[in-house]
Amino acid sequence: MAAGSGRGLAQLAEALGSSEQALRLILSILMGYPFALFQRYFLFQKETYLIHLYNALTGLSIAYFNFGMQFFHSLLCVLIQFLILRLMGRTITAVFTTFLFQMTYLMAGYYFTATEHYDIKWTMPHCVLTLKLIGLAIDYYDGGKDLEFLTPEQRRFAVRGVPTLLEVSGFSYFYGAFMVGPQFSMTDYQKLARGEMTDVQGQRPNSFVPALKRLSLGLFFLVTYTLSSPYISDEYLISDDYMEKPFWFRCGYILIWGKIILYKYVTCWLVTEGVCILVGLGYNGKDQNGKPMWDACANMKVWLYETTPLFTGTIASFNINTNAWVARYIFKRLKFLGNKLLSQALALFFLAIWHGLHSGYLVCFQMELLIVIVERQVINLVRDSPPLSTLASITALQPIFYVLQQANHWMFMGYSLVPFCLFTWDKWMKVFTSPKQTIHTTTLFSLLFLFLVQLCLLILNRASLFTGVQVYLFPWPRVVLHLIIGVALYSQINCATKRKAKKSRVTAKR
């Protein structure tokens, strides 16, 4: 029967033009809605062990449905994490042991299952689980400290009690977030189990309509991605046809491709957010007007994502919970280093390797940081230059500026996503080394150009040159770092090109 069911799903996926694993993923996150309805109407404010058991069993069934017996990877890590908490207690040793074990297990999974394409396999939900278990260990450690030594944020998430094995399992396998997130804390999960995540105490949350809105929005993006994917693909970026296209076409294609390719993530996050809202986990208190907010599990700010003309705006609207997790448990915990830039670099490095071991992830995050620096310099330039500020404030010209900003923003966003989506060195390097693809060089030289323009403006405005240089050179040490990376990348490009040419000559001789 299982084999027949598998053949049926394979045939359905083929008819829809999708892979069987992608279809299983979509079905799994949609199954969260009937699961959430059952929990709302039959388990609300029941014994907490029943809720933990229900979440653990439903999550394990989703894991088995997608990955078969490979669900044991997550089960093993959950069991070991529980033992770490119980045997090592609220110690820094437990935190370091958790971090090393969970990250090593995830890295090993990436290494032994790696391919040249993006595959939906057990490591996909496991990376979500890894963050969840590391966060649990840190919050448990904070729970043993006096309140006066904790920040307000740490007090909110600190785990004071001792979680049971069933509680850790329910937290880890919660059906609304097991496959693709979002991240949430153990304290919020405990409130959910006690029936406290509701806008009306003692009653089921009035979250049905907000949940349906997120579901509908997610399905809209799913349809948009499905209809667009036959015409917008990763493979076309490395095809000979794309390489022969003129520069304007290649830039336009990358702009549209970068926008559409992210819709698959937007779809999953919006649908799962709806599940979390429906069951109550998305409750985030009330606003100033007493209206309930349901964005505790929001991973997307859709309106900001679609309308912002800024690169930083897209970052702030995309994968919100994961970025908040990295800020809370990595960046802010590195405060003892006394160097914000170093903390940022280490946080980004962690985020890159958490995504996977392919070189494309590291290059993507390095390029995003580089482009953000350029964007901030442009904003500072316009703000501090009276002529440019006056020009930018002209109402009639603002729609034109907005369109140009959007086009520039998404072209560079798509360009940064090339290594992220193509993964391996030979693929993304093929795009970057193309004679017609000059965006990387343009970005690097834009930094130097902006620096010279800023100095000229300071002189023309009769500002103190020494003071001005101090102000404007403050972010430039990191630019020097990126220039070094760029030179190294350029050197590697030349070497790769020479090796390819030499190989072609040898092949021709044979």
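Which residue forms a salt bridge with Arg156? Let's start there. It's Asp188, and the closest N and O atoms of the two are 3.9 Å apart. A salt bridge here means a side-chain nitrogen of Lys or Arg within 4 Å of a carboxyl oxygen of Asp or Glu.

Before I go on, some housekeeping. What you see is a predicted model, so local features need pLDDT of at least 70, side-chain atom pairs count only at pLDDT 80 or more, and totals for chains, interfaces and linings use all residues. Residues are numbered from 1 along each chain as its sequence is written, and side-chain values use heavy atoms, with hydrogens and water left out.

Okay, back to that pair. Arg156 sits in helix H8 (residues 152-157) and Asp188 in helix H10 (residues 186-193), so the bridge links distant parts of the chain, 32 residues apart. When I say helix, I mean a DSSP run of H or I with at least four residues, numbered from the N terminus. Now, how covered are these two? I'll call a residue buried under 20% relative accessible area, exposed over 50%, and partly exposed in between, using a 1.4 Å probe and protein chains only. Arg156 counts as partly exposed because its relative accessibility is 45%, whereas Asp188, at 11%, is buried.

By that salt bridge rule the count comes to nine. Let me show you another, between the side chains of Arg333 and Asp142, at 2.7 Å from N to O. Here too, distant parts of the chain are linked: Arg333 is in the loop between helix H17 (320-331) and helix H18 (340-355), Asp142 is in helix H7 (residues 123-142), and they are 191 residues apart. Asp142 is buried, with a relative accessible area of 0%, while Arg333 is partly exposed at 24%. Lys145 joins in as well: Asp142, Lys145 and Arg333 are linked in a network of salt bridges.

Arg24 and Glu20 meet in a salt bridge, 2.9 Å from N to O. Both lie in helix H2 (residues 20-30), four residues apart, which is about one turn of the helix. Arg24 is buried at 11% relative accessible area, and Glu20 is partly exposed at 26%.

How do H6 and H7 run relative to each other? The axes of helix H6 (residues 92-113) and H7 come within 9 Å and cross at roughly 175°. Therefore H6 is roughly antiparallel to H7. On the H6 side, the residues making contact include Phe99, Met103 and Leu106; on the H7 side, Leu133, Ile134 and Ala137 are among them. Contact means heavy atoms within 4.5 Å. The axes, by the way, are lines fitted to C-alpha atoms, for helices over the stretch in contact, and angles run from 0 to 180 degrees between N-to-C directions. Under 35 degrees is roughly parallel, over 145 roughly antiparallel, 65 to 115 roughly perpendicular, and the rest oblique.

Compare that with helix H13 (residues 247-261) and H21, which pack at about 75° with their axes 7 Å apart. H13 and H21 are therefore roughly perpendicular to each other. Among the residues that meet there are Trp257 and Gly258 from H13, and Trp410 and Gly414 from H21.

While we're on H21, which spans residues 398-422, have a look at Gln405 in that helix. Gln405 is partly exposed, at 35%. Leaving aside neighbours within four places in sequence, Gln405 is in contact with Pro309 and Leu310. Gln405 and Pro309 are 96 residues apart in sequence, yet 5.4 Å apart in space, C-alpha to C-alpha.

A quick stop in helix H17, where we find Thr322. Thr322 is buried, at 7% relative accessibility. With neighbours within four places set aside, the contacts of Thr322 are Leu131, Asn299, Leu351 and Trp354.

Last topic, the surface. Leu37, Phe38, Tyr41, Phe42, Phe208, Val209 and Leu212 make a nonpolar surface patch of about 650 Å². Helix H3 (32-42) and helix H11 (208-228) are the elements that give two or more residues to the patch, and H3 has the largest share, four residues. Patches are made of residues with over 30% relative accessible area and no salt bridge; like charges are joined within 9 Å, and nonpolar side chains (Val, Leu, Ile, Met, Phe, Trp, Tyr) within 5 Å. The areas come from the Shrake-Rupley method with a 1.4 Å probe, and for residues only the protein chains shown count as cover. Phe42 lies in H3, and at 53% relative accessibility Phe42 counts as exposed.
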